[in-house]
Amino acid sequence: MDPPGAGVERHRPGVGTEETAAQPAAGARLWERSGPDGRGRAWERRRRSFPWLLVVLVGMAAPGVRSAVADLRLAAEENPAVAEMPAAVPAVAARIEDLVQRGPSAPIWHPLGSRGRVCGWTELSAASGSR
């Protein structure tokens, strides 16, 4: 299988709700963009699957991760245009410190499209069929 592509968004602590909502919305705009002939989605012409959305939490203490993930989920749920994408495409968040110290295979990825449990990269790959 081809490895997935990924769109990476940086999330900083203390950002406003508009900026938080803009992160999943940016991916959803690409997800929904129709093809040039008005049929299908534009990304389907070039790719077999849509790139994953990875949100990297920068400068955030470990206790703040749950709150940041909850804010990102809420931003996605409140926008109907965004709600479909994280259910169909892996959309996850992890702290940059956890990525550096523990590596992407560690259970550091917080799903944004569901209330799923924190998992490692290989679990995300298996759940998505290695899109």
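The questions below concern a predicted model.

Me: What makes Glu 97 and Arg 95 a salt bridge?
Reply: Their closest N and O atoms are 3.7 Å apart. The cut-off is within 4 Å, between a side-chain nitrogen of Lys or Arg and a carboxyl oxygen of Asp or Glu. The pair therefore qualifies.

Me: Why do Arg 95 and Asp 98 count as a salt bridge?
Reply: The N to O distance is 3.1 Å. That lies within 4 Å, so the label holds.

Me: How many salt bridges does a search of the whole structure find?
Reply: Two. Shared partners join Arg 95, Glu 97 and Asp 98 into one network.

Me: Why is Arg 95 called buried?
Reply: Its relative accessibility is 11%. Buried means under 20%, so Arg 95 is buried. Asp 98 is buried too.

Me: Why is Glu 97 called partly exposed?
Reply: Glu 97 has 26% relative accessibility. Buried would need under 20%, and exposed over 50%. The value falls in between, so Glu 97 is partly exposed.

Me: What share of the protein chain's residues counts as buried?
Reply: 40% of the 131 residues. The accessible surface of the chain comes to about 7,400 Å², and 53% of that belongs to carbon and sulfur atoms.

Me: Which pattern does the protein chain follow along the sequence?
Reply: β-α-β-α-α-β-α-β-α. The chain has five helices and four strands. Among contacts between residues at least 6 apart in sequence, 61% join residues at least 24 apart.

Definitions and conventions: Residues are numbered from 1 along each chain as its sequence is written. This is a predicted model: local features need pLDDT of at least 70, side-chain atom pairs count only at pLDDT 80 or more; totals for chains, interfaces and linings use all residues. Side-chain values use heavy atoms; hydrogens and water are left out. Buried means under 20% relative accessible area, exposed over 50%, partly exposed in between (1.4 Å probe, protein chains only). Helices (H or I, at least four residues) and strands (E, at least two) are DSSP runs, numbered from the N terminus. Contact means heavy atoms within 4.5 Å. Accessible areas come from the Shrake-Rupley method with a 1.4 Å probe; for residues, only the protein chains shown count as cover.
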